[in-house]
Amino acid sequence: MQCAAGCHTACSRCQSKLPGKRCHSCDQGGAYVRCPVMDGIVCSARVRCAYHQHGCPSYVPYYEPRDHESVCPHAPCSCTEPGCAFVGSPRRFLAHLIDAHSWPVHTIRYGTHLGLGVRASEPRVLLVAAEEDEAVFLLAIGALGPARAVSVVCVRANGEAGQQYGLKLWAHASNERAITLDCEVTSSAAPGEVAVETVEFLTVPPAKMTGPQADKEMVITVCIDKSF
């Protein structure tokens with residue numbers, strides 16, 4: 001802030017404590033107004049994004065770090081494998097899951113169908129978009145009594161602020177009508193098991209599965225597309 005005469009400055013916090021919020025140095029005690037020159041100097045101060053160690057190159061105005069961090073695509077994800085403490089950006093997290101834990105990975109294209117034969121012994125499959133955004137998704141299978149719950153989440157921390165996705169899932173069996181799920185894709189910064197309390201999932205009954213009880217297999221078709 002600056003006095004009406006333009007001679008004396010004060011920050012807004014100090015100015016609010018002055019009697020009548022008026023200049024204490026001017027003979028006439030003029031009222032304070034905004035000081036555009038000092039505003040420009042102060043607002044030019046920038047700080048590094050808190051996620052720079054995860055690959056974010058951004059410097060943001062010192063008063064906006066939380067706004068940026070709430071949408072930063074480099075916000076870290078956490079590994080849920082037992083005993084693993086890895087934390088990293090979605091792209092580094094993908095490499096970690098493949099290299100350190102050997103999670104299988106498939107490439108998908110938005111709006112196209114991908115058929116997968118998924119076994120109970122491999123309950124998690126990574127899906128990487130062969131598109132500009134290179135989004136990472138996780139298809140997970142969990143026990144639901146004798147049935148199986150199948151879900152897909154987008155691997156990222158700031159899901160609500162980024163591109164949204166729609167999901168269609170089909171479970172097939174010979175000579176039987178497929179069962180389907182049509183929903184929005186939920187995001188997760190710590191993907192792992194099927195979180196039946198928080199995500200929509202496809203329930204696959206035993207009749208839609210083949211093979212021995214200990215390692216049932218199901219045929220799943222996945223279609224992910226951008227929501228506009």
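Predicted model: local features only at pLDDT ≥ 70, side-chain atom pairs only at ≥ 80, totals over all residues.
Q: How far apart do the C-alpha centres of domain 1 and domain 2 lie?
A: The domain assignment of the chain gives domain 1 as 2-70 and domain 2 as 104-226. The separation between the C-alpha centres of these two domains is 49 Å.

Q: Why is strand 11 largely enclosed by the rest of the structure?
A: Buried here means under 20% relative accessible area. In a regular strand, side chains alternate between the two faces of the sheet. A147, A149, S151, V153 and V155 point one way from strand 11, R148, V150, V152 and C154 point the other way, and all are buried. Strand 11 (residues 147-155) is therefore largely enclosed because its buried residues number nine of the nine.

Q: Which residue takes a positive phi in the hairpin of strand 10 and strand 11?
A: Strand 10 (residues 136-144) runs antiparallel to strand 11, with eight bridges joining them. Within this pairing, L139 is opposite V152. The hairpin has two residues between the strands, and the positive phi, near 65 degrees, belongs to G145.

Q: What is the bridge partner of R148 in strand 15?
A: Strand 15 (residues 202-204) pairs with strand 11 in the antiparallel sense, over three bridges. From strand 15, the residue bridged to R148 is V204.

Q: Which residue in strand 14 stands opposite C154?
A: Strand 14 (residues 186-188) and strand 11 run parallel and are joined by three bridges. C154 is one of the buried residues of strand 11. Its opposite number in strand 14 is S187.

Technical notes:
Residues numbered from 1 in each chain as written. Heavy atoms only, no water. Domains from an automatic or database assignment. Buried < 20%, exposed > 50% of the residue type's maximum accessible area, 1.4 Å probe, protein only. Helix = DSSP H or I, 4+ residues; strand = E, 2+ residues; numbered from the N terminus. Pairing = 2+ DSSP bridges.
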